[in-house]
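Keep the 3D view open while you read.

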There are 2 protein chains.
Amino acid sequence: MREWMRGQNLQEIETPALVLDVAAAERNIRKMAELFAGGPTRLRPHVKTHKTPLLAHKQLAAGAIGITCAKLGEAEVMVAAGVRDVLVSSEVVGARKIARLLALNRHARVITVVDDGNAAREISEAAEREGMRIPTLIDLDVGQGRTGVAPGEPALALVQAAARMPGLQLVGLQGYEGHLQHVVDPDERGERCRAAMKALTDTATMIREAGHELDIVSTSGTGTHAYAGGYPGVTELQPGSYVVMDSQYASVKGLSFEHALTVLTTVVSKVKPDVAIVDAGYKTLSSDSGMPAIRNLGDARFAFGGDEHGKLLFEQPRGDIRVGDKFELVPSHCDTTINLHDIYYVVRDGRLEDIWPIAARGKIQ
Amino acid sequence: MREWMRGQNLQEIETPALVLDVAAAERNIRKMAELFAGGPTRLRPHVKTHKTPLLAHKQLAAGAIGITCAKLGEAEVMVAAGVRDVLVSSEVVGARKIARLLALNRHARVITVVDDGNAAREISEAAEREGMRIPTLIDLDVGQGRTGVAPGEPALALVQAAARMPGLQLVGLQGYEGHLQHVVDPDERGERCRAAMKALTDTATMIREAGHELDIVSTSGTGTHAYAGGYPGVTELQPGSYVVMDSQYASVKGLSFEHALTVLTTVVSKVKPDVAIVDAGYKTLSSDSGMPAIRNLGDARFAFGGDEHGKLLFEQPRGDIRVGDKFELVPSHCDTTINLHDIYYVVRDGRLEDIWPIAARGKIQ
């Protein structure tokens with residue numbers, strides 16, 4: 001950052017800007033860490049949300065045993081920044097990606113997941129050629145309907161196949177109940193989460209009874225951490241959004257993390273009395289999970305006005321709102337909004353403390 | 001790019017990848033240029049779509065009189081790459097942005113738009129202090145309901161105010177009929193476009209009759225170029241999407257540009273017979289304008305499966321589709337999808353020719 005920027009008031013920051021309230025993020029990191037400080041379940045936070053090595057190191061310093069990444073490209077950024085224990089939660093497919101997975105494993109423990117025998121064999125054969133064994137989880141579908149083999153026999157069959165592959169070191173199971181993260185009612189969320197955890201841990205038991213060791217049973221996100229975290233047999237949790245939260249999670253009852261992420265935006269046009277046009281549109285705020293919320297502006301609603309514009313819609317004429325006024329929006333989905341931005345404007349007590357590059361932004365490969 | 005990549009077949013390219021069929025893009029650029037080669041209406045293509053200096057230079061070489069940018073940050077990238085005539089189509093607000101607008105005008109003609117007297121005065125006063133006059137368009141709302149003063153008297157009043165501001169050089173009007181770009185039926189689109197053009201050009205006439213010179217009347221996008229381009233009094237068109245197109249524009253009848261943009265994606269999980277999970281989700285494909293189309297895969301449909309995953313949904317079991325298979329998706333919205341990517345994989349005749357940085361990606365300020 002340029003030195004003249006340091007200490008700027010929030011209202012002086014150039015817009016549109018992705019603003020991180022770093023004190024709130026630090027409190028969120030501490031709060032989640034304290035929940036699981038005594039074990040037996042431990043934290044392996046997902047960094048696909050914040051995509052930033054310094055925040056990952058803060059999570060590790062608070063007690064996390066490692067981190068989770070969605071893609072190899074994220075893992076490369078994190079390992080380069082000194083993180084030593086990484087789970088890549090998406091399947092690694094193809095010779096060139098496998099080569100990258102192997103290269104990473106020379107510098108850190110980088111665990112992979114598999115749900116397909118042929119894909120697992122490809123990793124194993126490449127590892128064997130390098131004299132390596134890649135730590136591997138079997139990916140289970142515990143109801144999300146995305147990746148993962150079915151619990152029970154299909155999982156055991158893949159375990160038995162993987163156990164015969166000399167380049168793989170089978171270390172556990174992953175089963176992510178992504179479909180439950182935003183179930184609003186905590187009782188329903190808890191009940192459905194426990195059903196998913198039963199499928200996951202029953203499968204772990206079945207696999208152990210068949211003679212295979214499993215150290216890791218990895219699961220969960222921000223919405224379900226409380227239920228999965230207390231479930232016997234679950235060893236690791238992968239929450240990510242809790243560090244900053246978003247307006248979609250705000251409607252999920254029973255979560256007590258703070259909103260640490262906003263987009264600061266400026267009114268660039270105010271021709272009509274009941275609409276203000278701001279400089280934040282689809283290229284600044286993701287829209288996959290609905291509309292952002294507006295801070296401190298009564299019952300005003302946000303609507304997208306294209307790639308570069310948003311609309312603040314008022315119930316009553318607002319002659320007091322003028323071109324140049326700035327407002328804070330709470331993104332509806334933190335992960336995809338952060339991924340639109342190159343930098344965080346890091347604010348503490350309402351003043352600009354630093355600029356952080358979002359080092360893993362766009363690392364989709 | 002790494003030299004070993006050059007000449008790769010499309011199917012060898014690492015995924016997910018944003019693929020530009022450069023020959024198709026070149027044909028699109030040529031086709032649009034030929035439509036307006038004889039004038040009187042000229043092209044000032046919007047580069048917020050492709051965000052890439054080399055494509056802007058191809059448009060200029062084909063006859064465009066300049067380019068349009070959405071944000072100052074895009075204009076800075078383009079001016080740095082040698083573009084000499086730029087319209088920034090969004091209002092420039094605030095002292096620091098005005099300073100950037102002035103700085104740019106020392107190296108190129110960078111035209112601004114205004115729809116607010118106070119905001120215009122701020123630009124004028126800053127320009128006057130530097131001994132500059134900034135070329136300025138009055139931004140008109142011709143029905144989109146976003147930025148812009150109303151046609152007729154309100155526009156004339158702003159012109160008269162701006163004409164007294166010594167730091168502004170009033171050069172014309174902008175009126176973008178963004179709400180009409182995706183009207184499917186060409187007759188309806190044409191009729192509504194001509195009504196918008198009447199409001200725009202009638203206002204231009206009224207302003208000229210009041211004694212003000214207007215060189216530029218700027219409007220239009222890919223969907224309406226044919227109607228706005230032939231309308232008497234319109235001098236410049238701002239189409240952007242025509243260079244690459246997208247699946248949203250594919251449903252707009254009467255457009256004959258080629259699809260030059262796809263996302264190459266790999267099947268990373270194929271557990272169920274009628275679903276394949278691919279490595280392209282919300283961080284790879286924008287979702288603001290619906291689902292991407294799938295190329296060469298019968299009646300398969302795409303559904304998002306989260307930030308990093310998509311689902312190919314089949315009507316019938318597809319045992320022939322396996323982990324590692326690659327498919328091309330046509331993004332639903334080119335602008336916002338391109339803005340997610342750092343690079344184009346530039347392909348000609350099915351082989352990788354080059355990698356181009358998307359230099360203005362993320363330039364939201």
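How many residues of chain B are in contact with how many residues of chain A? The count is 48 residues on chain B against 49 on chain A. Keep in mind that this is a predicted model.

**Where the chains meet**

On the chain B side, α5 (117-129), β10 (261-269) and α10 (334-338) each supply at least two of the residues that touch chain A. The biggest giver is β10(B), with three residues. By type, the chain B side splits into 12 nonpolar, 20 polar and 16 charged residues.

The copies meet through the same surface, because 100% of the interface residues of chain B are also interface residues in chain A.

**The build of chain A**

Chain A has 10 helices and 17 strands. Its C-alpha atoms fill a box of roughly 75 × 45 × 35 Å along the principal axes. Is that what you'd expect for a chain with 365 residues, or what radius of gyration would a compact globule have? A compact globule of 365 residues would come out near 21 Å, and chain A has 22 Å, so the two agree.

Of those 365 residues, 57% count as buried.

**The core**

In soluble globular proteins, nonpolar side chains tend to be buried together. Here the largest nonpolar core has 208 residues, and the ones with the most contacts inside it are A:Leu20, A:Val86, B:Leu20 and B:Val86. Take A:Leu20 as a case in point. Leaving out residues up to four places away in sequence, A:Leu20 touches A:Ala25, A:Val244, A:Ala260, A:Leu261, A:Tyr344, A:Tyr345, A:Val346 and A:Val347.

Helix α7 of chain B covers residues 186-209. At 1.5 Å a residue, its 24 residues should span 34 Å; the end C-alpha atoms are 33 Å apart, so the helix agrees with that expectation. Which residues of α7(B) are buried? They are B:Arg189, B:Cys193, B:Ala196, B:Met197, B:Leu200, B:Thr201, B:Thr203, B:Ala204 and B:Ile207. An α-helix has 3.6 residues a turn, so residues three or four places apart point the same way. The cover over the buried residues of α7(B) includes β6 (134-140), α6 (153-163), β7 (168-175), β8 (216-219) and α8 (225-229) of chain B. Just after α7(B), B:Gly211 takes a positive phi of about 100 degrees.

The other helix to look at is α3 (residues 72-80) of chain B, where you'll find B:Val77. B:Val77 counts as buried because 22 other C-beta atoms lie within 10 Å. Its contacts, not counting residues up to four places away in sequence, are B:Pro53, B:Ala359, B:Ala360 and B:Lys363. For a sense of scale, B:Val77 and B:Asp187 are 110 residues apart in sequence and 38 Å apart in space, C-alpha to C-alpha.

Most residues other than glycine have a negative phi, and most peptide bonds are trans. The table lists some exceptions.

| Spot | Feature | Value |
|---|---|---|
| A:Gly39 to A:Pro40 | cis peptide bond | omega near 0 degrees |
| B:Thr15 to B:Pro16 | cis peptide bond | omega about -10 degrees |
| A:Lys51 | positive phi | near 60 degrees |
| A:Asn296 | positive phi | about 55 degrees |

A:Pro40 sits in the loop between α1 (22-35) and β2 (42-43) of chain A, while B:Pro16 is in the segment before β1 (17-21) of chain B.

A:Lys51 is placed in the loop between β2 and α2 (53-61) of chain A, and A:Asn296 in the loop between β12 (293-294) and β13 (301-304) of chain A. A:Asn296 counts as exposed because it has 7 C-beta neighbours inside 10 Å.

Definitions and conventions: Residues numbered from 1 in each chain as written. Chains lettered and ligands numbered in written order. Predicted model: local features only at pLDDT ≥ 70, side-chain atom pairs only at ≥ 80, totals over all residues. Core = buried A, V, L, I, M, F, W, Y, C linked by C-beta atoms within 7 Å. Buried ≥ 20, exposed ≤ 12 C-beta atoms within 10 Å, placed from the backbone. Contact = placed C-beta atoms within 7 Å. Helix = DSSP H or I, 4+ residues; strand = E, 2+ residues; numbered from the N terminus. Nonpolar A, V, L, I, M, F, W, Y, C, P; charged D, E, K, R; others polar. Rg over C-alpha atoms; globule rule 2.2 N^0.38 Å. Expected span 1.5 Å × (residues − 1).
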